[in-house]
There are 4 protein chains.
Amino acid sequence: MSSTFIGRSLRLSIFGQSHSEAIGMTLDGLPSGIPVDRELLQTFLNRRAPGRAAWSTPRREEDRPEFLCGLKDDRTCGAPLTAIIRNTNTRSADYSQLKILPRPGHADYTAEQKYHGYQDYNGGGHFSGRLTAPLCIAGGILLQELERRSITVDARILSVADIRDDSPFLCSVKEKPFPVSDDEAGTRMQQRIEAARAKGDSVGGLVECIIRGLPCGIGEPLFDGVENQIARLVFAIPAVKGIEFGAGFSSTEMHGSENNDAFCIRNGKVETLTNHAGGILGGISNGMPVTFRTAFKPTPSIAKPQQTVNLQTMEEETLSVTGRHDPCIVPRAVPVVEAAAAIAIYDLILGEQRWN
Amino acid sequence: MSSTFIGRSLRLSIFGQSHSEAIGMTLDGLPSGIPVDRELLQTFLNRRAPGRAAWSTPRREEDRPEFLCGLKDDRTCGAPLTAIIRNTNTRSADYSQLKILPRPGHADYTAEQKYHGYQDYNGGGHFSGRLTAPLCIAGGILLQELERRSITVDARILSVADIRDDSPFLCSVKEKPFPVSDDEAGTRMQQRIEAARAKGDSVGGLVECIIRGLPCGIGEPLFDGVENQIARLVFAIPAVKGIEFGAGFSSTEMHGSENNDAFCIRNGKVETLTNHAGGILGGISNGMPVTFRTAFKPTPSIAKPQQTVNLQTMEEETLSVTGRHDPCIVPRAVPVVEAAAAIAIYDLILGEQRWN
Amino acid sequence: MSSTFIGRSLRLSIFGQSHSEAIGMTLDGLPSGIPVDRELLQTFLNRRAPGRAAWSTPRREEDRPEFLCGLKDDRTCGAPLTAIIRNTNTRSADYSQLKILPRPGHADYTAEQKYHGYQDYNGGGHFSGRLTAPLCIAGGILLQELERRSITVDARILSVADIRDDSPFLCSVKEKPFPVSDDEAGTRMQQRIEAARAKGDSVGGLVECIIRGLPCGIGEPLFDGVENQIARLVFAIPAVKGIEFGAGFSSTEMHGSENNDAFCIRNGKVETLTNHAGGILGGISNGMPVTFRTAFKPTPSIAKPQQTVNLQTMEEETLSVTGRHDPCIVPRAVPVVEAAAAIAIYDLILGEQRWN
Amino acid sequence: MSSTFIGRSLRLSIFGQSHSEAIGMTLDGLPSGIPVDRELLQTFLNRRAPGRAAWSTPRREEDRPEFLCGLKDDRTCGAPLTAIIRNTNTRSADYSQLKILPRPGHADYTAEQKYHGYQDYNGGGHFSGRLTAPLCIAGGILLQELERRSITVDARILSVADIRDDSPFLCSVKEKPFPVSDDEAGTRMQQRIEAARAKGDSVGGLVECIIRGLPCGIGEPLFDGVENQIARLVFAIPAVKGIEFGAGFSSTEMHGSENNDAFCIRNGKVETLTNHAGGILGGISNGMPVTFRTAFKPTPSIAKPQQTVNLQTMEEETLSVTGRHDPCIVPRAVPVVEAAAAIAIYDLILGEQRWN
């Protein structure tokens, strides 16, 4: 299993299962002297934490990281930074049956096959969305450092099911309990989520992310481009099934003359009139905002009866998933996307070779 | 610059510029004894090679790889496999101006910034689509080996501009000069490409890929999942701006009860009734076909006049790109997507730990 | 800082400082289903643990690992395995001065320069020999698994100062409190250590390691050979200044006709009459025992007054190191060398490609 | 097989077999704009090239690299740098028997086992010392760049068989055909080599290397220290069986009070009175010269009859190695050690994080 992100400079190791003693992360390769504002980090983590709204699982976790090492006087000391979160509120009883009756759309079946029955199936084990918490610890710390460099990473809900917020993404929605730009659309989204839950069902949606202030020249052609790197990290988030940068899929219906972003001079600097490229040309940042959209499938764990297979009797059976699950993970996924983007970007910047 | 793909088992190094002495690749980590059918490989490379159709650049290259090492009696000998292609048909004169007048939508500007003016701008240098040829050498060899294991990788054109081939992707279209399932749609696509060229413009499109025969249990959660790995490699192809797996973006508008693929028993084996997951659950293959779609933006190099900036005078100017360019790279991109997918899949399979 | 070992299959992340909340390790990439015998592991860790003999620091630590994740019913579940050890018995007061007065032979000065004063200097921070405990957790687990495969890794003290144990290394000395083959020599070694301590001084020595049962064909030419891999891991142990394989340095004084190991047939299998190659030819194991010797310098932290520099006043001063230190770390280093060798070997075996 | 060095910033891929079309290397990750002086590089390569002296194999190769890509106007353009050397003077006939009768001390047997008989045995294939030529291309280019930064890497012959040059290593011996400091000792060394050859035998020896001008703070604790990194690269050179830094093995016989290098002030800078640490404390450079010694075993290929095993009949036989071989590779190994050290050091420097 490779739960270690090997970047150009950073090594991020994420560990833990939904119901293990603890989950956590080790971030190796950080420069020394970087301040870590724990309160700010907690505020960030709370945006992801469960049990805070109607659309979220009732499983309540404090998600308060304990820093084991890597800090001195709340600054990085150059040694690997490790933080853990204890798993307190676990109900293993809920999951005992899933080893035999895999949930459709979930990793129960593939994990059973891959790990020959030795996997920890409780709460989804290492495949649980809970593992995005350590990702947010790493990302939250890097977001703080990026902001010190005037690089901001903002995500928002772009759509839930077929309800879309088409208002421009001008300012951060980090403060909002339901992170959309158009609150009226947000209300309808929440109603749609509530309706799904009422039917024991779930819905998916889109998260949009925009990175401002990234200088030109970050990223590499071929395998370590900004797109490759962000995609590699974003697909580490459970339920993500697609990603597009800039105009993305819609660019396939444009002519080159429409899609190409004309260069222009703004306040003496080179910019582009449009930003269909999403701030990336040849895998390298061009100084314009980096924009991408991520597709989240509906939560697979639903109360509605579904057909599955009994892996012992090899007979088809009907399953109704109990336990505590989000009818829509999109709202809580917003800070996770920010975290993934921050890790991707920070690592590329750090990897830039200065010795020339 | 990182043009070295560091997989779980393979290291693929891709080198060369559009107008350098040669381009090529080194594939390190292959088991010994793998047969390489050069004729079959050439047939594969020819599907990508330029100058073979109306919709392709008139630049004609033989694209005949010379194997420098790694083979003995046409089988891998365990040592790194290196193959190169000489650049014969180069016209550097065409590109001299692009260092000062970057092409909109192209990497001219970002390369200039990143490499401080030292980059090789001729023909797009290392950013040229020509670098997909070495990718196809590696992928073509691995495709042969995957087929020996009854794993097939097939791609097709799904759309060009707004013309879509909605017929089911049942059988390979590798033999076709214009790789679509529905030839009638293919004809209209080619007309649309021709229309764009006539106006000195270009169009984009979608490539769909399906991997059949992949056993269950390949891929890892978090950073090395099938999605992460394929995305990382596919975004190495110039002009790719988006990727989605299975139902992808459309899954965001489904309910969990629709999107979840119910498990069933078929001929005594566990399968799913639908395949919205695109054969991947929790980053791990579930035994169903792996399916994904890739979005290609329209070729940035067009004859139509466009606004750009003169990097010397820092004044806005109008540019009309000369040189030889495809009005649509989608047809030639089809085998490249197959190559990228083959590298991704083969590397994950090879990385599987057998010592248990 | 790179405290993450990126092997061919394993990723080992080691974290912690001598006086941080905890130290620990994450081992990622283990197959699922591997049993972990905690008692056996504790026995192994106790061989390294401090405060157990006259020649060891009086700092007493239980070194009892807490497993946070990665195990289910005491078997690996496929997810990353993380274990930590709390730092209980810390006396930071001892170290406050070392930031200004770096200890000769220690990393105080280089850490101060590299981390710009942000490093955690208490107890040597991340540079402390204490960080070999997590290395032993990883190695101890892998040693158990290697033994199940009939691969044994045994180390012993070969010399302390100028006292050498020249008896053949026939059987394990793991049970012995002072791990030498010739106990009479061992007694004189301990006397020499005691004599050094009495003078407020320290001594070094040699550790010999032998790996039996390794099949032929493990390791790679060039950069991932058995020698490269073992050396890379052994030099992660503080105080190691040299390593040699087989006849090592003495082979430089032999003729080829003496040094070459003649092939022969023993019980129908290919073996060699001698083993000057230390079981490695061209970086690859040849089926004979892998043997190497590691040179440990004398512990730098000594009570004897030494000349150093005051980094504030930039004046030369005299320093007498207080705190608790081993007069000779060689005895406690023996299991650490076994751990490093086990990680190196296990990773190479796991990296072997079976898909051929 | 892993013939790709994955450093902190550089990826060096080395390819080729002794008798393949060509051998070569790709260096990926170099900053753009680095000048490459081809004449200077050729002078460096000639120091390694065969057929230039009595103590070298009569196989004469021009070893003139052809640069395929990565350069523009003789400066790095940011794209991977690939250079190859054609294999011209090959005599495969010499080697046909070695597949059945492996040479003692050589990789013939382990390669046969590892690659299941598919390896290229001609001339030792990928295991040939000839593969150090591409290593020298990479190292030679980096040595030029290091010198521009006032960092010099010098190696010399310290001993051949039992003849040692104990004179201090004050100045470079790069110009000398036989690179020793004390030419009188050098004469005796050459006589000893000649004597060995006359008997159809071979001898080994020691190479000493000193790196001057390396700033303090380069290298990492644990796995990426200066020692780990240099060792990993030096063990990629065939015939290397040991390495030691600073006082190395002799430090094991010193007291801490002798071995510790006292800090002092010289011209306002912090230095040490002695340099037993070889310029490395805690894996990090301390500003003093980095010194290490490498042990080369005697060349395994000798004319003298040796016992081996016939892998077909599984019977013991006598073998007398024909073909062209150095009676002592130490003189030609001197530039190779410089190259390996340069790659190790340059990569660590490039990996230093400047964004703080």
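This is a predicted model: local features need pLDDT of at least 70, side-chain atom pairs count only at pLDDT 80 or more; totals for chains, interfaces and linings use all residues.
Biologist: By what rotation is chain A superposed on chain B?

Modeller: Two copies of a chain are related by a rotation about an axis and a shift along it. For chain A and chain B the shift along the axis is 0.0 Å, and the superposition has an RMSD of 0.0 Å. The two copies are thus related as by a two-fold rotation axis. The rotation is 180°.

Biologist: How is helix 1 of chain A oriented to helix 7 of chain A?

Modeller: Two packed helices are described by the angle between their axes and the distance between the axes. The axes of helix 1 (residues 38-48) and helix 7 (residues 330-351) of chain A come within 6 Å and cross at roughly 130°. That angle makes helix 1 of chain A, relative to helix 7 of chain A, oblique.

Biologist: Which residues of helix 7 of chain A meet helix 1 of chain A, and how many residues of the contact are charged?

Modeller: From helix 1 of chain A, the residues F44(A), R47(A) and R48(A) take part. Their partners in helix 7 of chain A are R332(A), V334(A), P335(A), V336(A), E338(A) and A339(A). Of the residues in this contact, five are nonpolar, none is polar, and the number of charged ones is four.

Biologist: Which residue forms a salt bridge with D165(A), and is that partner buried or exposed?

Modeller: D165(A) has a relative accessible area of 0% and is buried. Its salt bridge is with R156(A), with the closest N and O atoms 3.8 Å apart. At 3% relative accessibility, and with the limit for burial set at under 20%, R156(A) counts as buried.

Biologist: How many residues apart in sequence are the parts tied together by E338(B) and K174(B)?

Modeller: The side chains of E338(B) and K174(B) meet in a salt bridge of 3.7 Å, N to O. E338(B) lies in helix 7 (residues 330-351) of chain B, whereas K174(B) lies in the loop between strand 9 (163-164) and helix 4 (183-198) of chain B, so the pair ties together parts separated in sequence by 164 residues.

Biologist: What is the relative accessible area of R86(C), which forms a salt bridge with E21(C)?

Modeller: The closest N and O atoms of R86(C) and E21(C) are 3.8 Å apart. R86(C) belongs to strand 7 (residues 81-86) of chain C and E21(C) to the loop between strand 2 (11-16) and strand 3 (22-28) of chain C, 65 residues apart. E21(C) is partly exposed at 45% relative accessibility. R86(C) is also partly exposed, with a relative accessible area of 27%.

Biologist: Which residues of chain B are in the salt-bridge network that includes R8(A)?

Modeller: Over all chains, the whole structure holds 124 salt bridges. One network links R8(A), E220(A), D224(A) and E352(A) with residues of chain B.

Biologist: What separation do the C-alpha atoms of G78(A) and A333(A) have?

Modeller: G78(A) lies in the loop between strand 6 (75-76) and strand 7 (81-86) of chain A, and at 2% relative accessibility G78(A) counts as buried. G78(A) and A333(A) are 255 residues apart along the chain, and their C-alpha atoms are separated by 30 Å.

Key. Residues are numbered from 1 along each chain as its sequence is written. Chains are lettered from A and ligands numbered from 1 in the order in which they are written. Side-chain values use heavy atoms; hydrogens and water are left out. Axes are lines fitted to C-alpha atoms, for helices over the stretch in contact, and angles run from 0 to 180 degrees between N-to-C directions. Helices (H or I, at least four residues) and strands (E, at least two) are DSSP runs, numbered from the N terminus. Angles under 35 degrees count as roughly parallel, over 145 as roughly antiparallel, 65 to 115 as roughly perpendicular and the rest as oblique. Contact means heavy atoms within 4.5 Å. Ala, Val, Leu, Ile, Met, Phe, Trp, Tyr, Cys and Pro count as nonpolar, Asp, Glu, Lys and Arg as charged, and the others, Gly among them, as polar. Copies are superposed by least squares on the C-alpha atoms of residues with pLDDT of at least 70 in both. A salt bridge is a side-chain nitrogen of Lys or Arg within 4 Å of a carboxyl oxygen of Asp or Glu. Buried means under 20% relative accessible area, exposed over 50%, partly exposed in between (1.4 Å probe, protein chains only).
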